[in-house]
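Hello,

Here is the structure I promised to pass on to you. Please have a look at it first, and then read on for what turned up in it.

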Amino acid sequence: MGVAQQTGVLLPSCPDLKLALVLGERALFVNGDLQTARRWFDSAYRLAELCGDPSSLARAALGLGGIWVHEHRTCAESEMVRARQRHALSLIDPRSSTALRLRVRLRGEEDYRAGRHATIMELLAEVRGSGDGQALAEALSLAHHCLLGPGHAAIRLELASELIGQAAVTERRGDLLMGLLWRTVDLYLAADPHAERGLEELRGLLARHDHLAVGYVADAIEVMLTIRAGRFAEAEKRAGECFERGVAAGDMDATGWYGGQLGAIRWFQGRAAELLPVLSDLVSSPTLSPIDNSYLAGLALAAAVAGDRRAAAGHLARLRVEEMPGSSTWLVSMYCVVETAHLLQDPDTAARAYALLRPFADLPVVASLGVACFGSVHHSLGMAALTTGDLPTAVEHLRAAVRGNLALGHWPAAALSRWRLGQALALRDGTRDQAAAREQAAAAREARELGMVLPAVVGRSSAGQDGCRLRRRGRHWQVELGGRLALVDHSVGMGHLATLVANPGREILAADLAAGAWTREPEGGSAQPVLDEQARDTYRQRLGRLEAEIDELESMNDLERAAGLRLEREWLVAELAAATGIGGRARPFTGSEERARIAVGKAIRRALARISAVDPAIGEELRATVQTGLRCCYRPR
């Protein structure tokens with residue numbers, strides 16, 4: 001007795017099931033219609049369950065995976081498909097072709113979600129020996145998708161070439177299109193000058209018979225090239241059309257890719273702050289890849305451009321730069337990290353980003369499968385060096401960035417790199433440097449022609465400020481003078497110097513600098529005030545800090561700096577003793593203190609020597625304008 005007779009329920013016929021599978025496979029592999037394919041395979045899976053057909057169940061579960069990895073983005077959808085695939089795998093012969101293909105799919109999905117590729121590559125080696133052409137083609141494509149980080153260029157090209165050859169074995173047009181697409185993407189990711197040839201070959205095949213999924217990626221690459229050409233209005237129109245095609249194809253990346261393309265356009269237009277609402281929504285979208293950090297990084301940058309430093313710093317902290325997986329959006333994420341660090345003047349983050357980016361200096365910053373391009377990685381390296389104050393390195397990288405962006409035909413990125421090169425030259429060689437002026441003038445001219453708004457200069461005084469500025473950056477001090485910038489380690493002398501620079505023309509007692517107790521004197525006041533209770537407490541607190549610093553320096557065998565601090569400590573002890581009368585009562589100072597003069601003078605001179613070692617021009621100017629003695633003063637010229 002059949003199942004229908006036993007239950008009294010009218011069950012679907014096998015022809016309905018077979019038709020659903022055929023239509024699903026045609027939609028997926030021939031037409032690239034991911035949305036239609038999902039519907040047919042979902043129907044086929046349900047029909048196969050009702051018919052009790054394990055083989056068809058497995059084919060339907062396999063088809064639900066699609067052609068990319070992570071096509072089902074919400075947690076619920078993704079887990080449902082994985083559960084169906086595992087269930088189907090448990091019902092069929094483990095030696096069958098469908099079982100092998102299901103294992104390939106499951107391994108690829110697991111690797112991609114974890115940001116790795118080792119297990120899919122191990123299985124690929126096994127599949128090569130199986131003689132199963134379809135399983136091998138799918139394994140090659142999925143492995144390629146798990147290897148989209150910047151460090152895998154060579155192996156990706158090998159996989160793409162092997163897939164193109166394997167298409168002759170499977171005789172599936174979709175395999176050939178995927179192989180050619182992957183190869184084209186690889187060439188763009190490697191800045192290969194002949195990448196356009198790959199795109200033209202792909203376009204030729206698509207013209208004969210469209211494939212929605214592959215055609216969508218080809219359209220996205222065209223948007224990227226239009227942005228590179230600086231045709232922003234046309235690029236924005238094309239991005240909208242590309243988004244509509246992605247939706248029609250059922251590609252879950254459609255929204256994210258459109259956001260990335262719009263982000264690149266607005267960045268080069270100088271309008272990144274406008275993207276804050278869009279990026280805020282995208283960051284929490286369940287359609288994003290689990291290893292994609294580019295939208296959070298973009299949100300940090302947009303917040304920094306908008307002047308919201310607190311939000312920008314918070315988003316930057318969430319990124320955990322060293323822990324970000326090397327995905328297809330890693331370089332874009334790092335580009336945004338570096339630009340945000342520069343706007344926030346965060347040298348520590350910039351230095352960490354520089355170390356991570358250095359091995360990929362000659363690559364372009366391309367998002368995903370050619371969605372958007374931000375120019376040469378040399379630009380990010382130059383900006384990171386600029387932020388840390390390493391001006392020679394910044395100039396070197398930014399020169400290379402200009403050359404690299406010209407070779408890419410990325411005119412907006414070339415103009416931006418030229419502008420930043422001019423900034424770096426001005427900081428290194430002075431605002432009147434002719435080379436700096438030439439680069440900045442050329443960048444401004446190119447920007448006007450392209451409709452760009454170049455970013456404001458960050459990290460140097462404005463034109464009307466000729467004096468020095470010191471700003472504390474964690475364990476460093478950023479020194480700016482005459483359009484130049486130096487980053488110097490913290491020291492006691494740098495703290496004294498910062499007080500003087502913040503009060504140009506005002507004489508400050510060496511004793512007050514040593515104790516850290518200086519306050520503005522009242523107008524007309526000439527006599528030194530008595531050492532009141534608050535001042536004595538400040539002196540005692542400073543003594544406690546000095547003890548800890550001296551111990552630390554001695555443990556590090558830095559005897560010279562320890563000796564300087566001991567001198568200051570001795571002066572403070574003597575000062576407290578001299579300022580305290582019978583019964584611990586405070587009494588007025590009787591005159592200047594030689595020990596304070598010596599301690600403060602030595603500390604400031606050591607600080608000036610540190611500055612001169614980094615930037616001799618700044619050091620020379622400060623030596624000429626900083627006065628030390630019983631009273632210290634900074635008198636800018």
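A word on the source: this is a predicted model, where local features need pLDDT of at least 70, side-chain atom pairs count only at pLDDT 80 or more, and totals for chains, interfaces and linings use all residues. Residues are numbered from 1 along each chain as its sequence is written, and side-chain values use heavy atoms, with hydrogens and water left out.

Let's begin with the sheet. Strand 3 (residues 469-473) and strand 4 (residues 476-481) run antiparallel and are joined by five bridges. Helices (H or I, at least four residues) and strands (E, at least two) are DSSP runs, numbered from the N terminus, and two strands pair if DSSP finds at least two bridges between them. Arg473 has His476 in strand 4 as its bridge partner. The two strands make a hairpin with two residues between them, and Gly474 in the turn has a positive phi of about 65 degrees.

Strand 4 also pairs with strand 5, again in the antiparallel sense, over six bridges; here Glu480 stands opposite Leu485 in strand 5. Together this gives an open sheet of three strands in the order 3-4-5. Strand 3 and strand 5 (484-489) are at the edges with a single partner strand each, so one side of each has no neighbour in the sheet. On average, neighbouring strands of this sheet are turned by 20 degrees against each other, direction ignored. Helix 24 (residues 492-501) packs on the sheet and touches strand 3, strand 4 and strand 5, with its direction at about 135 degrees to that of strand 3. (Contact means heavy atoms within 4.5 Å; axes are lines fitted to C-alpha atoms, for helices over the stretch in contact, and angles run from 0 to 180 degrees between N-to-C directions.)

Now to another part of the model, around Arg156. This residue belongs to helix 9 and is buried, with a relative accessible area of 2% (buried means under 20%, with a 1.4 Å probe and protein chains only). Which residues does Arg156 contact, leaving aside its neighbours within four places in sequence? They are His144, Leu147, Leu148, Gly149, Asp186 and Leu189. Trp182 is 26 residues from Arg156 along the chain, and their C-alpha atoms are separated by 8.1 Å.

I hope you enjoy exploring it.

Best wishes

Definitions and conventions: Buried < 20%, exposed > 50% of the residue type's maximum accessible area, 1.4 Å probe, protein only.
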